[in-house]
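This briefing is meant to be read alongside the sequence and the coordinates.

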Amino acid sequence: MTKIDILSGFLGAGKTTLIKKLLSEALTGEKVVLIENEFGEIGIDGGFLKDAGIEVTEMNSGCICCSLVGDFGAALRKVIEQYTPDRILIEPSGVGKLSDVIRAVEGVARDLPVTLNSFVTVADASKTRMYVRNFGEFYLNQIESACAILLTRTAEISADKLDAAVALLREHNPKARIVTTPWNELTGAQILSAMESSHSLADEMLAELIAQPHEAHHHHHHEHEHAHAHEEHQHEHGADCTCGCHDHDAHEHAHHHDHEDHHHEHDADCGCGCHEHEHAHAHEAHHHAHGAGCTCGCHDHDHHHDADEVFTSWGAETPHQYSRDELTHILEQLDSAECGMVLRAKGIVPCTQGGWLNFDYVPGEGEVRDGAADYTGRLCVIGSNLNEAHIQSLFRLG
């Protein structure tokens, strides 16, 4: 199956720079064909790419998304039959509509062994407002249709102007991944991952939280078996047995104290059954999500509900910069009841002193450390009954 990536972008945005970086850093092991559609009679970029060993089918004299839709299908079929590539990069004309290019690919993909892998837009961060104002129909179509928006020249504008550019793009595309980190700080593989990936911090954290009740249930199952074995042992030896087995061991003593601490958290009348499990926070989140009067039986069987019934999440992608001290203070504030019940938080954000910071949080414990650059700042908080407005204000994004 051949992957097809559509690399759109307004005139002069930096599409050729992107293609060079992908070819040299991320796609070296793949057989790649580039299909260009220059607006005009002569293709100006084909020579360089042929020298790089890439076969180029240049379609001039028009736009692939309008007059050349029929020819585009024939060209795509020929490329696949002749080169059997692993991947086809399509670079439409800078004034083409991305939605039309996507439709053209979908039309020929019905009877060809291809899959539409990604459709991205390269945008100059310093010119977003001007292009929206002057070329709205064409420019906004590229923005609105993209699964990822790759910003160029982000290092050449102020932090405030970058924030404003991202906010403007978000008005027209709230879901696309937006790359705000300067490309020279990222590898081609990181950019390709941002183009292709639908994975998010929330997905990763939910997987962690879903795994916890399973581990707790597994642990409880062994405790249950241990209790039965102990009863059989007691029956076999009698009440007066002095072998010492009834004293158990330090582990049981420690478990008893853990149980008392957990019991104290819930109060004496709690009948949720969670005292037999170690993951109190996950249970509390479930308890809050369903209410004290829940009769669904979920408190006895941890696996009867989907994660989205138990947990809620808040997240953001932002180029906003943070200091180490500021992040540490924010993580401390997540313990406040005003945030709701926060079970997990993590993020990768640019630092005000340069470089990048990673942070992780579980109740009562937060960590901030140096990290590698990501395509933009990303952060996520998962828990129950989250006060999203308050959490957003803590991260100074409100």
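## Aromatic residues and overall picture

One aromatic cluster is formed by Trp314, Tyr322, Phe359 and Phe395. In total, the structure holds 6 aromatic pairs. The model is a predicted one, and its mean pLDDT is 75, with 65% of the residues at 70 or more. The secondary structure comprises 14 helices and 12 strands.

**Sheet architecture**

- Five strands make up an open sheet in the order S8-S12-S9-S10-S11, and their pairing is antiparallel.
- The edges are taken by strand S8 (312–318) and strand S11 (365–371); each has a single partner strand, so one side of each is left without a neighbour in the sheet.
- From one strand to the next, the twist averages 10°.
- Helix H13 (residues 324–333) packs on this sheet and touches strand S9 (341–350), strand S10 (356–362) and S11. The direction of H13 makes about 155° with that of S11.

**Strand S12 and its partners**

- Strand S12 spans residues 377–384 and pairs with S8 in the antiparallel sense over 7 bridges.
- Tryptophan 314, a member of the aromatic cluster, has valine 381 in S12 as its bridge partner.
- S9 also pairs with S12 in the antiparallel sense, over 7 bridges; here the bridge partner of valine 342 is glycine 383 in S12.
- S12 is mostly covered, as 8 of its 8 residues are buried.
- The cover extends to both faces of S12: Gly377, Leu379, Val381 and Gly383 are buried on one side, and Arg378, Cys380, Ile382 and Ser384 are buried on the other.

**The S10–S11 hairpin**

- S10 and S11 are joined by 7 bridges in the antiparallel sense.
- The two strands form a hairpin with 2 residues between them. Glycine 364, in the turn, has a positive phi of about 85°.
- Valine 362 stands opposite glutamate 365 in S11.

**Threonine 154**

- Threonine 154 is placed in the loop between strand S6 (148–152) and helix H7 (159–172).
- Apart from neighbours within four places in sequence, threonine 154 is in contact with Ala125, Leu162, Thr180, Thr181 and Pro182.

**A charge over a ring**

- Lysine 97 has its charged end over the ring of phenylalanine 138, at 5.6 Å from the ring centre.

**Burial and contacts across the protein**

- The protein has 398 residues, of which 46% count as buried.
- Among contacts in the protein with a separation of 6 or more, 72% are accounted for by residues 24 or more positions apart.

How values were computed:
Residues numbered from 1 in each chain as written. Predicted model: local features only at pLDDT ≥ 70, side-chain atom pairs only at ≥ 80, totals over all residues. Heavy atoms only, no water. Pairing = 2+ DSSP bridges. Helix = DSSP H or I, 4+ residues; strand = E, 2+ residues; numbered from the N terminus. Axes fitted to C-alpha atoms, helices over the stretch in contact; angles between N-to-C directions. Contact = heavy atoms within 4.5 Å. Phe/Tyr/Trp six-rings, centres within 6.5 Å; stacked < 30°, edge-to-face > 60°. Lys NZ or Arg CZ within 6 Å of the ring centre and 35° of its normal. pLDDT = per-residue confidence, 0-100. Buried < 20%, exposed > 50% of the residue type's maximum accessible area, 1.4 Å probe, protein only.
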